[in-house]
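Open your viewer and get ready to click along. We will go stop by stop, with something to select at each one.

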Amino acid sequence: MASPGPAPEVYQHGHHASVLSNHAKRTAEAVAVFFLPLLKPGMRLLDVGCGPGTITLGLARRVAPGSTIGIDASPQAIEAARQAAGTTSPALSFEVGNIYEPAFAADSFDAVFAHQVLQHLARPVDALRQIRRLLKPGGVAGMRDVDWGSTTFYPESPGIRRFLALYYALAQRNGGEPDAGRHLRHWFREAGFSTTRVTTSTVSYADADATREWADTYAERTLHSNIADKAVEYGLASRADLEAMAAGWRDWGRDPDALFCFSHTEVVAWKG
């Protein structure tokens, strides 16, 4: 792989159909269980990096009749979220937005949530400072991010190993941090949050259907998403390299003994 140099912040996965379709399977009940008990009817909530909006919908139900806004830097993701929401509620809206320069006044929200967002940011502490600014006194933030360094899989796969090396090289060029989970407590403290609660959870794929689906989505991302485009653009991999990685994913996903797991860190923090 070529030696990487600095590059602007880039969302690692992009918004190819293989990415959005997988993200659209996420629900608040599955990924925000650590945060849901803190949400009360009547709250005003912001979902940062909402993607196709399926998590936002679940959060909105918890704070109804309070209002919920989902923001994402991608117009494509926002359009998918609006289509998914339909006319669910006039108190739910989706907007193109940038967390570094949010279009909201200080002390605007009772709760702010972000799922798998900070890992892709070159300035996560600056983003958290903005989130803290947006919270009302006593307001609560909930963030969840993966730690790719915790990845465990079986059986061994050279293709997946090559993919993981590429993923880290891309993150270095794109400005992200694949091991974000282990940094969250520190980032929150640096951003000015003095009261935090940290938990962890493990996501695993351990049956035939789950490993096949996980393998297929990452094979597609390896070949067709922003991962593929940037890998070739940066000179980190050739199309032949990507084909070999994708084949490795698919072969692994169909092994009867396949197992994949990694950990996620969850932080709840209050604005004092």
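## Stop 1: the sheet

Start with the strands: seven of them make up an open sheet in the order 3-2-1-4-5-7-6, with mixed pairing. Two strands count as paired if DSSP finds at least two bridges between them. Helices (H or I, at least four residues) and strands (E, at least two) are DSSP runs, numbered from the N terminus. Now colour strand 3 (92-96) and strand 6 (195-205): these stand at the edges, each with a single partner strand, so one side of each has no neighbour in the sheet. From one strand to the next, the twist averages 15°. For angles, axes are lines fitted to C-alpha atoms, for helices over the stretch in contact, and the values run from 0 to 180 degrees between N-to-C directions.

Before you zoom in, two notes on what you are looking at. This is a predicted model, in which local features need pLDDT of at least 70 and side-chain atom pairs count only at pLDDT 80 or more, while totals for chains, interfaces and linings use all residues. Residues are numbered from 1 along each chain as its sequence is written, and side-chain values use heavy atoms, with hydrogens and water left out.

## Stop 2: walking across the strands

Select strand 1 (45-48) and strand 4 (residues 109-115). Strand 1 and strand 4 run parallel and are joined by four bridges. Click Val48 to find its bridge partner in strand 4, Ala114.

To get from strand 4 to strand 5, the chain passes through helix 5 (residues 124-134), making a right-handed β-α-β crossover. Right-handed means that, with the strands pointing away from the viewer, the path from the first strand over the helix to the second runs clockwise.

Moving on, show strand 7 (259-270). Strand 5 pairs with strand 7 in the antiparallel sense over 11 bridges; the bridge partner of Tyr154 in strand 7 is Leu259.

## Stop 3: helices against the sheet

Which residues of helix 5 are buried? Select Pro124, Val125, Ala127, Leu128, Gln130, Ile131 and Leu134 to see them. Buried means under 20% relative accessible area, exposed over 50%, and partly exposed in between (1.4 Å probe, protein chains only). The cover over these residues includes strand 1, strand 4, strand 5 and helix 7 (180-190).

Now follow helix 7, which lies across strand 5, strand 6 and strand 7 and runs at about 155° to strand 5.

## Stop 4: the nonpolar cores

A nonpolar core is a set of buried Ala, Val, Leu, Ile, Met, Phe, Trp, Tyr and Cys residues joined through side-chain atoms within 4.5 Å. The largest one has 32 residues, and Leu166, Trp249, Trp252 and Phe260 have the most contacts inside it. Helix 6 gives the most to this core, with seven residues. Centre on Trp249: leaving out residues up to four places away in sequence, it touches Ile160, Phe163, Trp214, Ala215, Tyr218, Ala219, Thr222 and Phe260. Contact here means heavy atoms within 4.5 Å.

A second, separate core has 29 residues, including Val117, Val125, Ala127 and Met143.

## Stop 5: charged pairs

There are 15 salt bridges in the structure. Each is a side-chain nitrogen of Lys or Arg within 4 Å of a carboxyl oxygen of Asp or Glu. Select Asp110 and Lys136, whose closest N and O atoms are 3.5 Å apart.

Then try Lys230 and Glu233, with closest N and O atoms 3.2 Å apart. They sit three residues apart in helix 9 (residues 226-233), separated by about one helical turn. Lys230 is buried, at 17% relative accessible area, whereas Glu233 is exposed, at 56%.

Finish at Gly138, which lies in strand 5 and is exposed, with a relative accessible area of 52%. How many residues separate Gly138 and Trp270 in sequence? The answer is 132, yet their C-alpha atoms are 5.9 Å apart in space.
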